[in-house]
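Here is a short report to read alongside the model. Please open the sequence and the structure, and we will go through them together.

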Amino acid sequence: MLCDSQPVSAPPELPPLVSAALSLSGRRGFVSSTRNETGRLLATLAASRTGLLGELGTGCGVGSAWLRSGAGDNTRIVTAESDPQLAKVVAELFADDERIEVVSADWTALIERGPFALLFVDAREAKLSARDIIADVIEPGGFVVLDDFTPSAVWPPMYQGRVDTLRQEWLMDTRFTTVEVMVAPDAAVLLATRR
Ligand SMILES: C[S@@+](CC[C@H](N)C(=O)[O-])C[C@H]1O[C@@H](n2cnc3c(N)ncnc32)[C@H](O)[C@@H]1O
């Protein structure tokens, strides 16, 4: 904080589509939606992109809504969700927005849609095992975002007393330049740029 600035009482308001997706999460008791700090990073990154933005694991649409809130005119968003009921209600939520497409399918169905200018990897299986596949479908200079890490100040990164090999492998993969960004005191995101 600058010395002469005043503390603010509330963060910036949420974009309406994000609020709608969060309401859907609340109604469905869905507890895995992207937190706002990560969402604001997604929106900021989306604002720097043109072309196709993707999300693996739609949930209740919060991540897509954040991407949409930052995305400029020359972008489209495609998101895949393996739970058909969830995919259906989120497709209804975004029905009036022709720039967001919800695909009711496993995340692998999105791969052939590439290359992506940004890919938010938020389905567990994709996070754990899809780095090689993802590397092939990100355009040079494109971003990959993985969230829900606990900040680690040591190397190699540790989680619950063990080396966090997922994070370590992303940070060391020479196809990407990757940084761990703390978006909140208790939350970190990996941001990887395809070389
Ligand atoms: C962490 S939540 C996603 C949250 C969402 N991205 C957001 O921003 O709020 C993970 C979602 O991935 C979905 N999922 C799990 N395995 C999947 C798979 N193999 N393919 C596509 N979606 C999957 C789950 O059903 C769940 O809705």
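Which residues of helix α4 (residues 84-93) are buried? They are Leu86, Ala87 and Val90, where buried means under 20% relative accessible area, exposed over 50% and partly exposed in between (1.4 Å probe, protein chains only). Seen down the axis of α4, these buried residues fall within an arc of 100°, so they line one face of the helix; the arc is that of the directions from the helix axis to the C-beta atoms. Pro84, Gln85 and Lys88 are exposed on the other side of α4. The cover over the buried residues of α4 includes α1 (16-28), β2 (75-81) and β3 (100-104), with contact meaning heavy atoms within 4.5 Å.

A word on the source: this is a predicted model, in which local features need pLDDT of at least 70 and side-chain atom pairs count only at pLDDT 80 or more, while totals for chains, interfaces and linings use all residues. Residues are numbered from 1 along each chain as its sequence is written, and side-chain values use heavy atoms, with hydrogens and water left out.

Now for the whole chain. Its secondary structure comes to seven helices and nine strands; these are DSSP runs numbered from the N terminus, helices being H or I with at least four residues and strands E with at least two. The radius of gyration is 17 Å, close to the 16 Å that the globule rule gives for 195 residues, so the chain is as compact as a globular protein of that length. That radius is taken over C-alpha atoms, and the globule rule is 2.2 Å times the number of residues to the power 0.38. Buried residues make up 46% of the 195 residues. Among contacts with a separation of 6 or more, 62% come from residues 24 or more positions apart.

Helix α2 (residues 36-46) has buried residues too, including Leu41, Leu42 and Leu45. The buried residues of α2 pack against elements including β1 (51-56), α3 (62-70) and β4 (116-121).

| Cis peptide bond | Omega |
|---|---|
| Gly114 to Pro115 | near 5° |
| Trp155 to Pro156 | near -5° |

Pro115 lies in the loop between β3 and β4, and Pro156 in the loop between β5 and β6 (158-159). Asp148, found in strand β5, has a positive phi of about 70° although it is not a glycine. Asp148 is exposed, with a relative accessible area of 56%.
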